[in-house]
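Hi,

Here is the structure I promised to pass on. Have a look at it first, and then read my notes below.

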Amino acid sequence: MIPRLLLILFTLTLLPTAAFGQADTGVKPKPQRHLAVVLDTSTSMREARNDRPRLAIQAIKILADMLGPDDDLTLAWMPDSPDCVLQPDPSRRLDLQAGDLAGFKQALDERATYGGPTNFIVPLLSAKQALEQSRAPERLLIVIADAGRDSCRAESNQVLQGLREAGVHTAFVGLGIGGKLPHSEYDIPTTAQTPTELLAAIGLIYQRFLGAKAPDSGELAPGATTIAAKVAPFVREAFLLVAAQGPVGDISAEAGNPSAAAVELDYRSGETRGRDDLTRGYRIVRLVRPDAGTWRFTVPGLTSPAGWYLIQDFSVSLRVNTPPTAAQGEPVPLTLELIDDGTGQRIPRPGEIPGLAVEAMIDGTRYAFRDDGQDGDASADDGVMTARVQFMKSGASTFSVRLASQYLEAEQQQRTQVASAAWKLAVLTPPQAFIGGTIQVAVQIQPAGVAAALAPPDLVRARLGDSQLQLGDDGRDGDQLAGDGIYARDWTPTAVAALDVTYTPVGGSESAAVESRLDVKGTIRFGPPGALDLGRLTSRSVGQATLDLRFVEVRGQFDLKVSSDYARGRSVLEVDLGEGFTELKARGLDLRIQEGGNQRYPLRLRVNHCPEGVAAGAEPAGRVILETTDQMGQALRAEIPIRVEIIADAWLHCWWPVIAAILLGLLAVFILYGILSPARFPRNLAVILSPEADMDEGYPFNIRSQKGARSGFYRNARMHITTDFQLRRSASGALARLRADRLGVFIQPLPGNSVLHLDEDNRWEPLSTEQETRVRFSTLYKNPSETLFFEFRNL
């Protein structure tokens, strides 16, 4: 039975839920509320059959946690004396101070204790004082008592009747077994035989007061951890409440939940110790603007049975358009819209609200509202719901419009005056007009009831925004025929506007005002455009002209697209439409043109260095293009030719920097190649020079480190071996020349000299004197006289 025990918890959390009523077009804040609770603190409340667990105290704590920052809560309890003292007792009243929830709950535990006489009049007067001083538009009084006697019943009933007349909702929860209700002056009287029934009764009270149906709920056994709660569409705020017969630990959100503007996992929490020595706890999670879908939460560590409830604060309001007067027995269209209070906008598809049904109860007949384009509904799926109703009784009529859905239910009272016979007006004014064009503003009177009993109106006043016309049925000023039941006048609009036109009959028999919509649009027409003459231009010059749009005849205002197909190299067409010069391209610029506004705009052609030439002639160099849509929805286009002559620069004048750059580049490549391309001796290459064949007696020379061994400009590196055991750059007195190459190092004896090398057969063979021979490592070389031996190695 834990969920029943927790029913009060979810109902109290419904308090922030948006009530239905007349909605504004702007964003609607949550309504301010004031709740007053009168708590029976008599001795009999200690009994187990009434409230030994002190669940009423726990409920008031949760209520304090769930109220909004602008809401008020007043608690009043019974005095020590049974006397009917007709004045409030400040010492037996506790108010929730803004921002001091902890202090309120502590004071509640300490001060609201059971024990004493039963006396309703004093706490009722304390609650009445608080509610009368409150500015909250929505007020509720709940009395929780054990159904005992009220020694001041007559005085209490008088106080309750005054509160109801002041618009305060009143409710009573009678505790105990078999007791009768001590009062009859309550909007919602209930009884409860057990503490759990107490909570269920309070739940019923809040459902009826706030118009919300039972939320998603479930039970958690000890050790169970997962909650899967379904959030509906159009929820401004949702609260997940978990309460147990013992403590409740931290709540966490599982991964994969839908998104929300904010998720507060530890929004509020508290506990109450009953007279049965059991401490009961609760914890609240708050979701702001959650997306619809299934939300999952984890509650670990439960040691006692618990229940959970999802409370949803819907951002939905109801706006009903009821005519001030109606004719008896005649079908009348009633329209309404559902408004999302979070955005202030009409809900375009009410069918997204699960189980939605809206109906009006008029003279015992139910009429369903529909949005399917049938039975009087103007357009399907436009968010405006319509019901064709009939008022069968004349005089003042009060009827209810009831909304019901899977999550919500609400009822709104509407009023109208029903005439037994009356005129109704049929609007003949066209829905559209144009500035400067004369239209006929007209309505036709049609009888609702017996026509012979009706006197025609003297005139009909038509209010068009700030203007007012008097429509007559006199055959003058636009009315074509006197006495034909058509009241008309000619009217010429002078400004663009979307007008709500109200027609109010004056004089004659009863008749109802009607409304219509009139859209006044501007007009636009293109005349023959002129040409843009920018003259003769040369390199680095600017041509000036004026984009003159006076050929555009406009009434009201229109948006134009200004573009150009001018595309000549190294010249730019620019226009200043009020925000500085901007290049005019094929993509176009937006320009709003209006009657009496500026229609001349500076235009220029900037010619850069070495432009593409444009010859003077009959063909334009390009066009400035204007495009728009006229008042009838037809596309308009105008092309303004651009006439200009651009003298191109000489070819060499334009291209000499390029030619010079190419030549310099080639020269740089030539120089770099001459420096980088010659071959160099390997860094580790050495020649060992020795007077004997035993190279161990010789001296190694690193060829690259020798003076003159570097490469030259377009010349490979060279070095000469001399017979005096030296390496020199000069060929004078040299035996052989060494030359570096990309393919390796080559050796050649100089003229008049010969060099021999030891081949694989260990025979001495002379090197060719006609051509170079690649140097071979670890090969022994010598001169013919065997005074110089040498060998090439890598060090």
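A quick definition before we start: a helix axis here is a line fitted to C-alpha atoms over the stretch in contact, and angles run from 0 to 180 degrees between N-to-C directions. Also bear in mind that this is a predicted model.

First, a pair of helices. Helix α5 covers residues 121–133 and helix α6 covers residues 153–165; they pack with their axes 9 Å apart, at an angle of about 15 degrees. Angles under 35 degrees count as roughly parallel, so α5 is roughly parallel to α6. The crossing of α5 past α6 is left-handed.

Which residues meet there? From α5 come Ile-121, Leu-124, Leu-125, Lys-128 and Leu-131, and they meet Glu-155, Ser-156, Val-159, Leu-160 and Leu-163 of α6. Sorted by class, that contact has seven nonpolar residues, two charged and one polar.

Next, a couple of backbone angles to look at. Phe-234 sits in the loop between β8 (226–231) and β9 (235–244). Its phi is near 60 degrees, which is a positive value in a residue other than glycine. Is Phe-234 buried or exposed? With a relative accessible area of 19%, Phe-234 is buried, because the cut-off for buried is under 20%.

Glu-786 also has a phi near 60 degrees, a positive value in a residue other than glycine. You'll find Glu-786 in the loop between β52 (781–782) and β53 (789–794). Glu-786 has a relative accessible area of 42%, so it counts as partly exposed.

Cheers

Definitions and conventions:
Residues numbered from 1 in each chain as written. Predicted model: local features only at pLDDT ≥ 70, side-chain atom pairs only at ≥ 80, totals over all residues. Heavy atoms only, no water. Helix = DSSP H or I, 4+ residues; strand = E, 2+ residues; numbered from the N terminus. Parallel < 35°, antiparallel > 145°, perpendicular 65-115°, else oblique. Left-handed = near helix turned anticlockwise from the far one by under 90°. Contact = heavy atoms within 4.5 Å. Nonpolar A, V, L, I, M, F, W, Y, C, P; charged D, E, K, R; others polar. Buried < 20%, exposed > 50% of the residue type's maximum accessible area, 1.4 Å probe, protein only.
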